[in-house]
Each structure stands twice: as C-alpha cells, then as structure tokens.
Amino acid sequence: MPMPLGRRPSLMGVLAALTIGAMLAALALGAYALSPPAVISALLEPLGIGLGAHTPEQAFVLLHIRLPRVVLAALVGGALGISGALSQGLFRNPLAEPALIGVASGAAVGAAIVLVFGATLLAGAPDILRQAALPLAAFTGGGLATLLVRRLARVEGRTAIDIMLLAGVALNALGFAAIGLLQVVADDEQLRSLTFWMLGSLGGATWSALAVAAPPMLLVLLLGPLLAGPLDALLLGEREAGHMGIDVQRLERRCVALVALAVGAAVALCGVIGFVGLVVPHLARKLGSVAHRSVLPASILIGAGLLVIADTLARTLTAPAELPIGAITSLAGAPFFLMLLRRRR
Amino acid sequence: MSLVARDLTVRRGARTVLDGVDLAVGPGEFVALIGPNGAGKSTLLAAIAGDLEPAGGQILLDGRPLEDWSPRERARRRAVLPQASTLDFPFSVLEVVAMGRTPYGRPGKADAAIARRALALVGLPALAGRPYTRLSGGERQRVHLARVLTQLWDPAFDRRGEGPRGPAPYLMLDEPTASQDLGAQKRVLETARRFADVGGGVLCVLHALDQAARYADRLCLMAGGRITASGPPAAVLTADALEDAFGVPVHIHHPPELDHPLVTAR
C-alpha cells in the first residue's frame, strides 16, 4: 500500500535486522557445523572480547572461509538489488533490469573468451595474471558493452533513454549469440567451467578477492540512494523531470555508471546471478513505498538478505557438492515474479 | 521582468511549425493561446518551455536567455503542465504533488504542508492518501496542476503582498481543461486566474474560446504557425479573425447575463 509522506521509518530497521540475522545464521550453517555460541565467540575474539566458546579450527573456518563468503553474498546481493532499482527507475519500467545497459552480457562475453581461449592466450603469463584474467576480462567486457549501448542510444548529442533500452536488448541477444559460438569451439572442460560461470557462484570468496571487489560495490551502495529524489521526478517523464530542475542527462550518466560499476564488479567475481535485480525492487515496493527514498535502501537490504539465504542454500542443500547460486535465484525468483505480476492486476 | 519569446522559429524536418513568433507574458498576466488544431499552440508552449531546439529566435526569462539559467534555477521560476503525464507506479497522490518540491532539495515537513495546500486549491484535498494510479484521467491532470503549483508555491503564494515582491513565477499550461468535467474546468481556470492575480504569469493553451475570453487578460490567436491576432478578448474574438483562423463561419453572442462573449460555429 502506498503510504503518505514520511511514514514507516522502521521498515529499514526491520530489514536490516533480518539481513543481519540471515548473515549470522549463514555463518553457523554449512558442511562444517558451527554452533551459534561458537560463531559469536569466534567473531568477538578479534575485537578483544574472549568468550572462549570456540576452537582455533572453528575460528579459522569462520573467519577465513565462511565470513568472507557471507560478506560477499551480502555485498553482491545489495549491489544487484540497488542496481535493479536504479535501472527500473532510469528506464521508468518495472520490467527493466541491470542487464539492459549491456553490462551483464558484456561481462559474460569477456569471461567466456578467457575461459575458452585463456589457456592459449596466457600460456606464458605469470600466475597472478592468469588468476586475475577472468574477473578483469569480465569487468572490462561489461564496461565496454555499457559504453557501446550508450553510444548506440545517442541521438542528436543526448542519450535517448528509451532507445538505450532497446539497444540493450539487442546487445544482450548479440552477447549470448557470441557465447553460443564460443561454446561450440570450447572443449568439455571449458564448457563445464563456462556453464558454471553463467550460473554464478560465490565460491571464490576470499578476503583478498573482497578487497578488490568491495570498494566499487560499497561506493554504489553509498551513492545510489542519493539519486532518490531525481529518480522519483524522472518517473513522470524526461521532460517533466527537466521542468522540475533535474539535469536528466547527468542523472542518466550517474545511474548507468553506478549500475555498470556494481554489476561489473559483482559479475566479475561471482558470474551471472539472475533475477535478483529484477525481483528485489518489486519486493521493496511491496513492503514499503514506491518512492525511491524507500525503494533504493530497501532494495540493498532485501538483495543482501536474499542472496545470503540463496548462497546458504547453494552450499548446504547438496553438501558437500554446491549448487550454482544463479540457478537457485532464478528458480525462486521466476515463479515469485510471475506471482507479483499477476497480483498487480 | 517577463517571459518573452522573440522571433521564435521551429522547424520539423522541412516544415516550419512556428514562424517568427513574438510573445510576452508579464507578471500578473493570464495569456491564452487559442486557434485551430495544428496551428502551433502546443509547439509554441513547448518551445517557450525549452523542450524544443528552436531554429531561430530566443526565449528570455527576466531578460536572460533561457539556456543561461541552470535547470534548478529555472524550475524555481517556471513550471509546465503537460497535456498528459505517464506514471505507472502507485505513488500516493500527496507524494506526486510533493514531487513539485524537487527543485528545492530534500523534501521536509514544510513541503508536505505546501503539497496539501496545493491539493486543496485544485479541489482534491480528500484524495491525498489515494494511490495515483487509481485516479481518473481528469483527477490525475488536476493532481499534476497541484504539483506544478507546489513547484512555484513560494514565489507565487507565500508573499501575500507584503514587503518587496520577488521576481514573478510563470505557469505554463497545455490544455489544462481537457478531460475535465464542467466543475473541474472552472476550478482549474479559477486556480490559474488566482495564480495571475497574486502576481504570477500564466501562459495557457485553451480550446474553448468562451473559457479563454472569460479568464484570460489577453488572447493570442494562432494559425499556421503564426500569431494572427493578439489583444484583449473582445478585440481578438471577432467573426472575421475567427473565420480566417478556423475556416468556419462563426456566431459571436454577447449574452447580457455574462461579461464575456460566447462563440459558436455557424
């Protein structure tokens, strides 16, 4: 239900509490059992509070394996959530998603090239470069595709947002065609890596990976909510927003840059995780107001919480084997999205 | 101190849709643009609003070219009501009206109060909490009128004639009475009239000639991308001028109980 101005201050508090709760539960759950007291004890020890309720082995699993993974899940979920909300706001379309600016398919093509040709191309390269090649290629591919979509949507010196949406759809089709071709030339092993990458995984979570991926995502989480007012105005139309003093071109640049940064960083590290960006903003609108000052922060919190839960399912349902997280988010997201659409009527 | 179009020319492809138009709206003045479909009324309004790139001429706000104003500065002095707006998200009516406060930064309590007063002014105070998407077309249009009034509230209504007045705000309305019922039409035009009476300038595209005659100080009759007649209603609404513009013979009635003429096609 839409709320009058200035009500429901507590929604963010409830969502934050639920997200933190999900993160704590995720820390305790897994193939290696950790009791809640052990989790809390091991978390507090580095802060100088010794409860002594855990073993060194438990501390190692928690601090070096599980904690970075849960933190990464929350960050990526938050980044995908707000990217979805920013995209739907920018395109003024509740069916828009971050992929429409081209970043996801561009990143996928970049990653696919490395997965298929990497061994040949980087044969003599140092180890560090070979490890970094995939995320670098994905991030670069995402950035290039975004620039291309914007370039295609330039009409008379300005970016036409409606054309950008169509250019994004076309470029996505092109990107997946390119990946299809790459799949033809890939061997079985490469095909398997590619398939897994396309379905996403948070298995690569380490503190050093986080150190690289977290800053761009955090930046988006901090700056994105500042665009709430202009995005509300934009929902009335580009002209109307202009009449209300919004520099629409600048707003478009900022939205696209933030989404490209967030999704680029997320995809580079975790592969393609579908449906989060599409579904999360709808949930945010259902739970709170449709105004962006509510939708943007709520999308961060809901995205973070949901991805933490999805990743916990991914690594516990068939333990010790892992399910691809993108399969879980799509499996849960698609029917849920259909339900939301039907209930809108 | 005025909103001025000087020798404004707009082309669409090879077609000249506005041909060297001169127009000025001053503080306290209600100017109505009238004329047949395709005469260029909405184009002129859009060009003065800064939505179109003119092929020639200039738009001046207080003597300064429009493009020299920053978007926000401009938005605090001038608001535009389009013929229709698209908004597919179920904002509350009050939230939509409060969007008019966008040029003033983060919305606060005072902004919600202004939005409520504007909503009362257009006669829809009871709809504040209603989802915008459930309103009728006419109600939506009035909500947007409240929104543009909210945008210009401070310069227009909070002065109350005390002390030195700030520079006048300008309200631009594109067929604000389309899709309104009889009572709502009156309400909308009275609101615009009041905006002019407190010192603002109004430029309004109107189809109903009797409405234009009743509420406007000055009419600009347009045909073929030019202003063919301009002046007080009685001077512009002549049988000859209207027949030339609309291509049909007209009757002009002066009912004794009204202080403005009525026009019907003969």
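Over the ring of which residue does the charged end of Arg64(B) sit? The charged end of Arg64(B) sits over the ring of Trp69(B), 4.4 Å from its centre. A charge sits over a ring if NZ of Lys or CZ of Arg is within 6 Å of the ring centre and within 35 degrees of the ring normal.

This is a predicted model, in which local features need pLDDT of at least 70 and side-chain atom pairs count only at pLDDT 80 or more, while totals for chains, interfaces and linings use all residues. Residues are numbered from 1 along each chain as its sequence is written, chains are lettered from A and ligands numbered from 1 in the order in which they are written, and side-chain values use heavy atoms, with hydrogens and water left out.

| Charged residue | Ring | Distance from ring centre |
|---|---|---|
| Arg64(B) | Trp69(B) | 4.4 Å |
| Arg140(B) | Tyr132(B) | 5.0 Å |

Chain B has an open sheet of four strands, ordered S2-S1-S4-S5 with antiparallel pairing. Its edge strands, S2 (15–25) and S5 (64–65), each pair on one side only. Strands (E, at least two residues) and helices (H or I, at least four) are DSSP runs numbered from the N terminus, and two strands pair if DSSP finds at least two bridges between them. Strand S1 (residues 3–12) of chain B is joined to S4 (residues 56–61) of chain B by five bridges; Thr9(B) has Gly56(B) as its bridge partner in S4(B).

Over all chains, the structure holds one aromatic pair. The ring centres of Phe275(A) and Phe337(A) are 6.4 Å apart and the planes are at 65°, so the pair is edge-to-face. Rings of Phe, Tyr and Trp (its six-membered ring) pair if their centres lie within 6.5 Å; planes under 30 degrees apart count as stacked, over 60 as edge-to-face and the rest as tilted. Phe275(A) lies in the loop between helices H11 (248–270) and H12 (276–287) of chain A, and Phe337(A) lies in helix H14 (residues 325–344), 62 residues apart. Phe337(A) is buried at 8% relative accessibility, whereas Phe275(A) is partly exposed at 26%. Buried means under 20% relative accessible area, exposed over 50%, partly exposed in between (1.4 Å probe, protein chains only).

The largest nonpolar core has 167 residues, and Phe30(B) and Leu149(B) have the most contacts inside it. Helix H3 (residues 56–90) of chain A gives the largest share of this core, 16 residues. A second, separate core of 31 residues includes Ala5(B), Leu18(B), Val21(B) and Ala49(B). A nonpolar core is a set of buried Ala, Val, Leu, Ile, Met, Phe, Trp, Tyr and Cys residues joined through side-chain atoms within 4.5 Å.
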